[in-house]
Amino acid sequence: MHKLIIWLCLAAAGPAAAQDTMNAAEFDAHVTGRTISYYSAVNPEYGIERYLPGRRVMWSRFDGVCQYGVWYESKGNICFRYDYDPEPKCWAVYDEPGGMRSVFVNRPDGTEIWEYPNRDDPLICNDLSS
């Protein structure tokens, strides 16, 4: 009986604990016009991305080499396609109290990254001419 009660409590908590991913409108409202820095559990400087109007982006891994791209929603995920790579990079994106959390969905062992709260790093593109 004790095991049944524990199982029922866990089953009831499951759906309540589930969190919906951000859709395109929510993501757009959160990012457009911003430059956001990201970190992962193994990399404190995962990358930085500037979100431009029209769902355009500029991405860099803090190394001064920038990539242009676009983002779009696909199957409930936010996907990015960069000029240098036609394969989309898709993320399940969650809006959390400290900022966005994104889980890479292209591979089963997907990378997880977080938005740095209140960080205002400039996007430096050494490879772009003005």
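This is a predicted model: local features need pLDDT of at least 70, side-chain atom pairs count only at pLDDT 80 or more; totals for chains, interfaces and linings use all residues.
Colleague: What should I know about the model before reading it?

Modeller: Local features need pLDDT of at least 70, side-chain atom pairs count only at pLDDT 80 or more, and totals for chains, interfaces and linings use all residues. Residues are numbered from 1 along each chain as its sequence is written, and side-chain values use heavy atoms, with hydrogens and water left out.

Colleague: Which residues of helix H2 are buried?

Modeller: Buried means under 20% relative accessible area, exposed over 50%, and partly exposed in between, with a 1.4 Å probe and protein chains only; helices are DSSP runs of H or I with at least four residues, strands are runs of E with at least two, and both are numbered from the N terminus. In H2, residues 24–31, the buried ones are Ala24, Phe27 and Val31. They lie on the same side of H2 because they cover an arc of only 65 degrees around the axis, the arc being that of the directions from the helix axis to the C-beta atoms. Ala25 and Ala29, on the other side of H2, are exposed.

Colleague: What follows H2?

Modeller: Gly33 comes after H2, and its phi is positive, near 85 degrees.

Colleague: How many bridges join strand E6 to strand E7?

Modeller: Two strands pair if DSSP finds at least two bridges between them. Here E6 and E7 run antiparallel and are joined by six bridges, with a hairpin of two residues connecting E6 to E7. Asp95, for example, has Met100 in E7 as its bridge partner.

Colleague: Is E7 mostly covered or mostly uncovered?

Modeller: E7 is mostly covered, since five of its six residues are buried.
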